[in-house]
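Me: I want to learn how to read a model like this one. Please take me through a few features, one at a time.

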Amino acid sequence: MPTIYNILQATALDKVDAKVLLAHLIDKHLDWPKSSLISRDKDSLPQALVDDWLDLEKKRLLGQPVAYLIGKKEFFNVELTVAPGVLIPRPETELLVELVIDFLDMAKGCQIAAPKVLDLGTGSGAIGLAIAKNLPHCQVTCVDVSTDALDIAQKNAALLDLKTVKFHQGSWFDGIADQFDVIVSNPPYIPAGDEHLSMGDLRFEPSSALTDDQDGLSAYRQIFQQAPAHLNAGGLILVEHGYDQSEAVCQLLTSCKFVDIKAHLDLAGIKRAASAKLS
Ligand SMILES: C[S@@+](CC[C@H](N)C(=O)[O-])C[C@H]1O[C@@H](n2cnc3c(N)ncnc32)[C@H](O)[C@@H]1O
């Protein structure tokens, strides 16, 4: 029977991807510790594991995302279930969670005792659930137009034992009557026809999570126009955007009468998010 060592030597997959897939299969099939990828790499593997490996290896070679193949993705400090109905949360989106936590941190002078946070286009629940997990005093509402996404987000809330998070199916603010202290969103922002839509993991993710099928800015126009009616005075609006959209998004915020507009850099030093306040 093949060993971990044999498989890693023989596979054409990227070695990091191969190790993630193997760790997932070891967890599924064997009562071995996480360290066994190294410590037991010369032990024979059971046939069922090898069969599953061959299946996952084939799918990964065809381009299927690792996160869909193992059904989960780490985001901020939570583990989320993911499936082809939702966008795979990206590390750069963690910036939005950090900024919201910073804004609502009582140690930094935030006076709001029970802040209300709205996550528009929640997908797997990544942003809203990470905020709820790290700031349990917040009342988080997660919205998505996709029922597939909302099902997965609700499943993730249950797995994370986040019982107070609310979910709403609809387009942006449709059916939302409340006022919030923070509105956060990572909407679809890739313009129609962009070459990235036919590359890498994006080929397998829902198109409605990636592109607005227009100029990439239509979601911001809709959200920024409606947000003032749902934001408390002094409240924060915060969005992720594409690598080349900072100026356009900040301009839209200005035209919708927001103040204190700021651009935020991701870890690669790219302007990746914009925030503003309601005066
Ligand atoms: C880029 S994904 C972000 C998912 C998640 N927030 C994240 O960061 O991983 C955009 C999400 O917006 C949702 N969406 C697209 N159009 C929408 C609309 N009109 N109203 C609400 N959600 C929408 C999509 O279904 C998708 O889940």
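Reply: Start with Asp161, in the loop between helix H8 (147-159) and strand E5 (166-169). Helices (H or I, at least four residues) and strands (E, at least two) are DSSP runs, numbered from the N terminus. This is a predicted model: local features need pLDDT of at least 70, side-chain atom pairs count only at pLDDT 80 or more, and totals for chains, interfaces and linings use all residues. Residues are numbered from 1 along each chain as its sequence is written.

Me: Is Asp161 buried or exposed?

Reply: Count neighbours. A residue is buried if 20 or more other C-beta atoms lie within 10 Å of its own, exposed if 12 or fewer, and partly exposed in between, with C-beta atoms placed from the backbone. Asp161 counts as exposed because it has 7 C-beta neighbours inside 10 Å.

Me: What is the phi of Asp161?

Reply: Most residues other than glycine have a negative phi. Asp161 has a positive phi, near 60°. Asp260 also has a positive value, near 55°. Asp260 sits in strand E8 (residues 259-265). Its 12 C-beta neighbours inside 10 Å are why Asp260 counts as exposed.

Me: How do I read the E1 and E2 hairpin?

Reply: Look for bridges. Two strands pair if DSSP finds at least two bridges between them. Strand E1 (residues 72-75) and E2 run antiparallel, joined by four bridges. Phe75 stands opposite Val78 in E2. Two residues lie between the strands, and Phe76 in the turn has a positive phi of about 50°.

Me: Which side chains of E2 are buried?

Reply: The side chains alternate along strand E2 (residues 78-81). Val78 and Leu80 point to one face and are buried.

Me: Which residues come nearest to the ligand?

Reply: A residue is near a molecule if its C-beta atom, placed from the backbone, lies within 6 Å of it. There are 22 residues around the ligand, and Gly121, Gly123, Val145, Asn186 and Ala209 come nearest. Helix H7 (126-134), strand E4 (139-144) and helix H9 (207-210) each supply at least two residues of the shell. The shell divides into 12 nonpolar, nine polar and one charged. Ala, Val, Leu, Ile, Met, Phe, Trp, Tyr, Cys and Pro count as nonpolar, Asp, Glu, Lys and Arg as charged, and the others, Gly among them, as polar.

Me: Which residues does Thr141 touch?

Reply: Contact means C-beta atoms, placed from the backbone, within 7 Å. Thr141 is in strand E4. Not counting residues up to four places away in sequence, Thr141 touches Leu118, Lys166 and His168. The C-alpha atoms of Thr141 and Val117, 24 residues apart along the chain, are separated by 6.2 Å. Thr141 has 19 C-beta neighbours inside 10 Å and therefore counts as partly exposed.

Me: How many helices and strands are in the chain?

Reply: The chain has 11 helices and nine strands. Its radius of gyration is 21 Å, close to the 19 Å that the globule rule gives for 279 residues, so the chain is as compact as a globular protein of that length. The radius is taken over C-alpha atoms, and the rule is 2.2 Å times the number of residues to the power 0.38. Buried residues make up 36% of the 279 residues.

Me: How is the chain divided?

Reply: Domain bounds come from an automatic or database domain assignment. Here they give domain 1 (4-62) and domain 2 (86-277). The C-alpha centres of domain 1 and domain 2 lie 36 Å apart.

Terms used: Two residues are in contact if their C-beta atoms, placed from the backbone, lie within 7 Å.
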